[in-house]
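I opened this notebook to record what I looked up in the structure, starting with the ligand and moving on to helices, rings and backbone angles.

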Amino acid sequence: MIPLFRTAVAPGTAERVTAVVDSGRFGHGPAVEEFERAVGDRVGNPRVAAVNNGTSGLHLALRLAGAYAGAPGVPGGPGEVLSTPFTFEATNWSILANGMRLTWVDVDPATLNIDLDDLAKKITPATRAIMVVHWAGFPVDLVRLARILDDAEAEHGFRPVVVEDCAQAWGATCAGRPLGGHGNLCVFSFHATKHLSCGGGGLLTLPDEESLLRARRLRFFGIDRDADRVNADYDVAEWGYNFYMNEINAAIGLANLETVDERVRLHRLNAAFYDAELAGVAGLELTARPEGLESSFWLYPVKVDDRASFMRKMAGAGVTVSVVCRRNDEHGCVADARTPLPGVDAVHDRVVNIPVGWWLTPEERSHIAETIKSGW
Ligand SMILES: *Cc1c(COP(=O)(O)O)cnc(C)c1O
């Protein structure tokens with residue numbers, strides 16, 4: 001079977017991991033710090049905090065966002081977070097974990113990302129944070145989102161914090177700049193299957209120095225790393241988590257960072273091939289490609305009629321395809337947040353993802369395109 005996901009292991013990974021093992025230093029150390037500097041350079045934002053996975057990063061990001069709600073002059077109460085149901089569950093369960101109230105925003109059927117028109121309508125004085133997901137690697141229009149927040153701030157006197165789930169979007173750009181440097185709290189995942197893999201890992205990019213220092217404390221129990229722990233002469237003013245990245249994962253990430261550009265390039269090349277081959281196929285619709293938003297195509301979602309039959313046909317041809325995620329609003333644990341979402345209704349049972357990754361040979365991607373073109 002042609003796989004939908006594969007884990008990248010760059011040359012030099014074993015040597016880097018061995019160096020960590022030989023050093024005997026496994027916790028936070030020089031590899032993590034080197035990885036943070038390298039990633040900061042790539043995303044154009046030096047304020048980064050590496051964590052042990054993307055999900056931890058989301059939990060931490062919303063914790064940081066929550067405090068803004070309690071800041072002087074900002075109304076308190078349980079914070080409301082506006083979010084999209086069209087994502088992996090990790091995105092939304094982080095809202096529940098922070099005791100925040102989840103309000104669903106509809107999805108734009110063209111892009112599968114959060115519908116910014118519906119979002120603008122749903123911002124209220126209770127809105128503390130807005131969660132956007134760059135689904136499949138396709139960026140949300142952050143320029144337009146910033147304008148929506150300007151308007152909300154003018155109207156309500158408070159600017160909700162934007163958390164960007166960039167887990168699938170390493171290498172994507174908005175207005176020509178990489179994600180992670182657009183002034184929001186951003187969370188990346190370095191899970192085994194993501195473009196940039198640490199085996200497991202994640203990272204936050206922060207909008208200012210204060211939130212950076214806070215994120216670095218909270219990923220380590222709330223303890224300042226420079227604290228005098230020999231004499232236990234330190235105070236935890238704000239409790240935190242065990243979310244820090246270890247040296248082994250950072251070593252794997254450093255090796256993969258050297259080859260990640262080539263992988264993203266291949267994902268894009270394969271996507272461009274499908275864009276040309278699959279345009280106009282009866283019963284199949286491509287997602288939109290608006291100007292100024294450059295996807296990294298971690299996934300290649302298409303919308304098809306009779307999805308069950310499409311999936312059977314592809315499986316029969318040796319091609320792994322997958323729905324990947326169930327619309328999150330249908331889960332029992334968020335039953336009380338249910339609301340009409342016509343955009344999600346319009347696409348949720350038509351979307352399916354076909355292999356697009358760096359591992360595809362030209363023959364394999366042609367086979368995939370020809371199989372689809374022959375009908376299902
Ligand atoms: C992979 C992923 C995550 C979770 O990242 P982990 O590193 O696996 O915890 C979160 N959100 C989305 C959209 C993802 O694809």
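**Entry 1: the ligand shell.** I began with the helices around the ligand, and I found that helix H3 (54–70) and helix H4 (89–97) each supply at least two residues of the shell. The model is a predicted one, which I keep in mind throughout. H3 gives the largest share of the shell, 3 residues. I then looked up which of the 15 residues around the ligand come nearest, and the list reads Gly54, Thr55, Asp165, Ser189 and Lys194.

Entry 2: Gln168 places a polar side-chain atom 2.9 Å from an oxygen atom of the ligand, and for Asn53 a polar side-chain atom lies at 3.5 Å from a ligand oxygen. I also looked up the cover: of the 380 Å² of accessible area that the ligand has on its own, the protein covers 91%.

**Entry 3: two helices with a buried face.** In helix H7 (residues 209–218) I listed Ser211, Leu212, Arg214, Ala215 and Leu218 as buried. Seen down the axis of H7, these buried residues fall within an arc of 170 degrees, so they line one face of the helix. As background I wrote down that an α-helix has 3.6 residues a turn, so residues three or four places apart point the same way. At the start of H7, I found a side-chain oxygen of Asp208 that reaches to within 3.3 Å of the backbone nitrogen of Glu210.

For helix H10 (residues 307–316), the buried residues are Arg307, Ser309, Phe310 and Met314. Viewed along the axis of H10, they fall within an arc of 160 degrees, and so they line one face of that helix. On the face of H10 turned away from the buried side I noted the exposed residues Arg312 and Gly316.

**Entry 4: aromatic rings.** My count of aromatic pairs comes to 14. I picked out Phe220 and Tyr244, an edge-to-face pair with 5.5 Å centre to centre and 75 degrees between the planes. The pair links distant parts of the chain, 24 residues apart, with both Phe220 and Tyr244 in the loop between H7 and helix H8 (247–257).

**Entry 5: positive phi.** I checked backbone angles next, with the reminder that most residues other than glycine have a negative phi. Ala175, although not a glycine, has a positive phi of about 50 degrees, and its place is in the loop between strand S6 (173–174) and strand S7 (177–178). Phe221 also shows a positive phi, near 65 degrees. Phe221 sits in the loop between H7 and H8 and is partly exposed, with a relative accessible area of 37%.

**Entry 6: one alanine against another.** Last, I looked up Ala65, which is found in helix H3 and is buried, with a relative accessible area of 0%. From C-alpha to C-alpha, Ala65 and Ala175 are 25 Å apart in space, and they are 110 residues apart in sequence.

Conventions. Residues numbered from 1 in each chain as written. Predicted model: local features only at pLDDT ≥ 70, side-chain atom pairs only at ≥ 80, totals over all residues. Heavy atoms only, no water. Buried < 20%, exposed > 50% of the residue type's maximum accessible area, 1.4 Å probe, protein only. Helix = DSSP H or I, 4+ residues; strand = E, 2+ residues; numbered from the N terminus. Arc of directions from axis to C-beta. Polar contact = N/O pair within 3.5 Å; in protein donor to acceptor, adjacent residues only side chain to side chain. Near = heavy atom within 4 Å. Areas by Shrake-Rupley, 256 points an atom, 1.4 Å probe, with all protein chains shown as cover. Phe/Tyr/Trp six-rings, centres within 6.5 Å; stacked < 30°, edge-to-face > 60°.
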